[in-house]
Amino acid sequence: MSGREGALALVAAAALVAVPLLLPGWVAFLLTLALAKSVVVLAIALLLRAGLVSFGHGMFFAAGAYTVGLLMKRVGVHEAVLLTAAGIVVAAAAAALVGLFIARYRGIFFAMLNMAISMVVYSVLLKLYWLTGGTDGIGIRTPVILGMTPDRESLRLAIYYFTLALTLPAFYVVQRFWNSALGFVLRAVRDNEVRVEYMGTSVYRSIYAAYVLSGGLAGLGGVLTGFSVGHIVPEQAYWTTSGEFVFVAVLGGPASVPGPLVGSIAFEFLKSYASKYAAFTWQMTLGAAMLVIILFMPGGLWTIYGWLARGGRRWAWSSKPSA
Amino acid sequence: MIRSATVRVRGVSLVAAMALAIAAGADRAAAQSKPAELKVGVVSFLSGAAAVFGVPSKNAAEWLIDKYNKEGGIGGVRIRPIYIDEAGGAEKQVSEFRRLVLDEKVDLVIGYISSADCLAVAPVAEELRVLTVLFDCGTNRIFEDNKYRYVFRTKAHQALDSVAAAKYVLSIKPDVKTIAGINQDYAWGRDSWDTFRRAMQKLKPDVQVTAELWPKLLAGEYSAEISRLLTAKPDVIHSSFWNGDIVGFVKQGAPRGLFSQSLVVLSAGEHMLQDVGKDMPEGVIVGARGDHWFLHNATDPLHKEFVDGYRARYGRYPIYPSYHMYQAVAGVKAAFEKAIKDGGGAWPKVDAVIKAFEGIEYRVPPGRTMTVRSDHNGIEPAIMGITKQVPQYPFAILDRIRVFPQAEVNPPLGVKTNDWIDSWKK
Amino acid sequence: MTVPIAILLDGVLYAAVLFLLAAGLTLVYGVMRILNIAHGSLYALGAYTGTALVLAYLSTGGPEPLMYLALLAGAVLAGSIVGPLVERLLLRPIYAREEVVQLLVTFSLFLILEDVMKLVWGVQPYYVAKPYAYLGTVTIAGVRYAWYQLLLIAVALATGVLVVAAIRGTRIGRMIIAVTADREISTTLGINVARLFTLAFTAGAILAALGGALVAPLIAVAPGISVEAIVLAFAVVVIGGLGSLEGAALGALIVGVTRAAAVYLLPEAELATVYLIMVAVLLFRPRGLFGELEMRRI
């Protein structure tokens, strides 16, 4: 990251820290939700940069959320840090299991196999009614954060800062990962994986690593969303949920660092105000917006920043994933 | 001399003015606490599969709120409804609920058909301390698993439908030997079948379950299930299907003789009668999720006003979601008015309304008293009947109607549904 | 003896519905290498237009047997209007783009079509029971079936045979085979690939709409039927092999019969059967039962 971008990142982080104190409660809630989901979008973006699209990450999202729900409800664990760690671990473990065979696939098969497995997970969550509550879902009570139970007044703020405290490091981790040797291998895999094999690096292992990281991140997103919303349902593993994350990744621009965050925030606010003003056409609006972006702004919304920064030259996502 | 008199006069007038101001201010304060309007969020499915419930309920809300506003509103305050679509899932509804309260600044929320949405929204209502009236969701879990101060439900939960169905079946066919269930594979279907089966087995312990089928919600295509039921030939088939699934089931099953071979119970069937029209087979047991049948007590003035008014405006007869919404809106009005009365005329704070709501009784169509108990759950009587095609109506109506009084089909206060059934002494 | 026959018959019935749904999807993929997520929406569109036309026709009071023509007309109309429109406007600009992008474009189309159908037909369900009940019933192995169900099997079979014959037997069909095998060389041979793509996509759309229209008399046509449909279609196509019509037929049979068996023998498993089969096939034979091995270009 250049000095200018680093400074920008600090400014953005500071803004995120200060903003909920200035905004009305309802906007702060949307922001919390957007942050939580941005981590899942980040997970998808990571795979997109490697040339893979998953229409099934809802299963890891749900894995994180249900770990929290079940631990809270059945085991009585309330400590947020513990629950978060458990959620990440379970989701990453699931990804480690699924990744073993899924890392062999590419393209449409990768996408479809992810979708199929996530639909199996959805069916299981639905069916194990006595355990998961089926379609009724599980309520997530107020978590205890580092031993302190936030009171009613500060609950939303506490959840916001907890979410922020986990989201920012998640972005940082992915940034470091992407700039590490493994990240460069994945860039290469996207361009031409056969050549990567010829160079002696295991493409399978690289993709597997990315997939596990991606799964863990999606699980973290599930945990944070669960805390924020307070209720989890099997639909979180449904393919349309996964599709929504992919949509947001493209919306924000998967190639850039802030893309998933920008996209997630834009999407949450768009969804909310669309249902306020255009209840029957919000899906159409989303679809049309996506088409516009795909056809004219392949770098996602973040392209706008690129335009401003470079005086109008566009980033072309498909030719050069950067940052 | 004059100056001091002037001062004194001014002093007196000043004091008098101040006193008047204080009195007027106090008056204004009392008058100011009465809001310009009562903003009510109304949430139901306006799109998607459950719009068959949501749209008629929104219609009922519209109609009733207009009527109340014409009559002066609640305690003289106009009601301003804000209609929200319940589609989008539990997460979206939590978000919308917060938006209604924090952004639109509603005073209270009425809504929710989906049990998942009810369960998700209730804790948020508690957190935000907003009076929330659930009007249609059926899960018994909401008040059995948790206590909520700000949340009420102005209808009975699903035990009503299943228990009434069981009792009616036995009254029509006391020699039932075999039963089968075809229910949608999700919480509502599971709970409904479970309660029905329990009730049947308690009331007639030798009854056998020959098949339990669990098609996916909105599966639409039931050929295999119908074949299975045709081969199993149970005496009674129970289904809590709703909406399009009932239609598919009836359309696919009727020509194949399913409904003449077995006695079918559609515990939530009332809402589909007008849609299926003349295609509805006769002899099917249908439940109305309460006593919500437009022909029952048809001459009662309150009921007649509702049915005629609804029909004139929306072209159809009201169905049970419409009645449930009536119960919710009327309940809110009754609670506010009681709280106003108890508070000597002042506009009540939400705590006073809650206190008034607990144990409240008020009149609703089809012309009976609605009770909301101290556990915040409503109870209702239940109507069950058998379909019959008649020339006066373009759809099947209910014949051989039986009204089950409240005590027979709702668990007593504080008793969980399953415990209650287990305690029956046949 | 009743149960195995019933399982088979119900399985084939369900398979017929699935085949009609999946045939278009696999055809489009085979020719254009695009997996159309909006395929379920085209199916729903066929259901809506078919139902609308039948209802309109029945209200005119014409001879009832002709209502089947109205149903078919609805499907053909929907497919042949929407198909070329979508292909020209949305798909043509993105043929050269990555698979991801193509998937996302069809996903956007799915979102758009959902709302379009809501705007045109509203949110209340539509029913037309006449076509299903009109033909009466027949008893097979002690169980009554509707003749319409058997008609559905016949139509699905006929459609499958017709499409395969058209591809193998006609000139256009052979051009399709050529384009499927190698797009570049076909272009150099003078085949108008662009026009062929439009044709293939339209055919796929008509097949989807046909599936929807034929199923409409059984169900309540309402918003949301496309979401379930697309998952089922994918499952069948993946099981049979992307691009293979025979595979789609076999996949449909496997899924159909397994589901019917579940209903009789293990109803609890019904919900997950389709996805489990899909996962199993993808794990052990990822190209599907009849799928072709894709040659990777280095």
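Which residue in S15(B) does B:Ile386 stand opposite? The residue facing B:Ile386 is B:Asp399. Before going on, a word on conventions: this is a predicted model, in which local features need pLDDT of at least 70 and side-chain atom pairs count only at pLDDT 80 or more, while totals for chains, interfaces and linings use all residues. Residues are numbered from 1 along each chain as its sequence is written, and chains are lettered from A and ligands numbered from 1 in the order in which they are written.

Strand S14 of chain B covers residues 382-388 and is joined to S15(B) by six bridges, the two running antiparallel. (Helices, H or I with at least four residues, and strands, E with at least two, are DSSP runs numbered from the N terminus; two strands pair if DSSP finds at least two bridges between them.)

Both strands belong to an open sheet of seven strands in chain B, ordered S7-S6-S8-S9-S10-S14-S15, with mixed pairing. Strands S7 (208-213) and S15 (397-404) of chain B each have a single partner strand, so one side of each lacks a neighbour in the sheet. On average, neighbouring strands here are turned by 20° against each other, direction ignored.

Now look at helix H8 (residues 223-232) of chain B, which lies across S6 (178-182), S7 and S8 (236-239) of chain B and runs at about 170° to S7(B). Axes are lines fitted to C-alpha atoms, for helices over the stretch in contact, with angles from 0 to 180 degrees between N-to-C directions; contact means C-beta atoms, placed from the backbone, within 7 Å.

Finally, the contact between chains takes 32 residues from chain B and 37 residues from chain C. H8(B) gives the largest share of chain B's side, seven residues.

Technical notes. Two residues are in contact if their C-beta atoms, placed from the backbone, lie within 7 Å.
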